[in-house]
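User: I've got a model open and would like to talk through a few of its features. Can you help me read it?

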Amino acid sequence: MAYWLFKSEPDVWGWDAQVAKGEAGEEWDGVRNYQARNNMRAMKKGDLGFFYHSRTGLEVVGIVEVCAEAHPDSTTDDERWECVDVKAVRPFTRPVTMKEIKADPRLKDMVLVNNSRLSVQPVTEDEWKIVCELGETKP
């Protein structure tokens with residue numbers, strides 16, 4: 001299993017909207033960055049990801065699961081763009097802020113710390129465990 005982080009602006013698509021989609025999940029659409037797209041192409045069904053509120057909040061608020069592997073993004077006719085579907089698994093007991101992540105020396109190499117603009121990014125297993133620990137949430 002691999003781990004990921006999905007960034008979304010909460011006023012556009014927040015945790016509550018993701019939860020409302022239930023078991024069917026929802027396309028993680030609209031991504032127009034090749035590196036982020038390639039990350040989604042590498043995902044497998046069952047991979048887990050952090051749901052991160054960007055712009056406002058700047059915090060990990062929940063865990064999602066990839067429920068459909070890469071397929072054409074329905075928001076464009078441009079065949080270069082693909083996306084995965086994700087479903088909510090559980091909320092974080094306590095959200096983990098970007099400030100906390102940056103302050104933890106164990107997370108100094110995390111992509112979020114070093115390339116905070118990338119909307120879909122990999123997370124190592126160790127980083128996954130540490131962020132879950134900080135959020136008092138089962139990994």
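Predicted model: local features only at pLDDT ≥ 70, side-chain atom pairs only at ≥ 80, totals over all residues.

User: E23 pairs with K87 in a salt bridge; is E23 buried or exposed?

Analyst: The two side chains meet at 2.8 Å, N to O. E23 sits in the loop between α1 and β2 while K87 is in strand β5, so the pair ties together parts 64 residues apart in sequence. K87 is buried at 14% relative accessible area. For E23 the value is 61%, which is over 50%, so E23 is exposed.

User: Which residue forms a salt bridge with R55?

Analyst: R55 is in the loop between β3 and β4, and its partner is in the loop between β1 and α1, 46 residues apart. The closest N and O atoms are 3.7 Å apart, and the partner is E9.

User: How many disulfides does the structure hold?

Analyst: A disulfide needs two cysteine sulfurs within 2.5 Å. The sulfur of C83 is 11 Å from the closest one, in C67, too far for a bond. C67 is buried at 18% and C83 is buried at 0%. The disulfide count is 0.

User: What is the volume of the largest pocket?

Analyst: Its lining has 21 residues, and K7, S8, E9, S54 and S119 are the closest to the centre. By class, the lining has 7 nonpolar, 6 polar and 8 charged residues. The volume of the largest pocket is about 690 Å³.

Conventions
Residues numbered from 1 in each chain as written. Heavy atoms only, no water. 1 Å grid on protein atoms, 1.4 Å probe; cavity = no way out; pocket = protein on both sides within 12 Å on 5 of 7 lines; lining within 4 Å. Points joined across faces, edges and corners; volume = space filled by probe spheres on them. Nonpolar A, V, L, I, M, F, W, Y, C, P; charged D, E, K, R; others polar. Buried < 20%, exposed > 50% of the residue type's maximum accessible area, 1.4 Å probe, protein only. Salt bridge = Lys/Arg side-chain N within 4 Å of Asp/Glu carboxyl O. Helix = DSSP H or I, 4+ residues; strand = E, 2+ residues; numbered from the N terminus.
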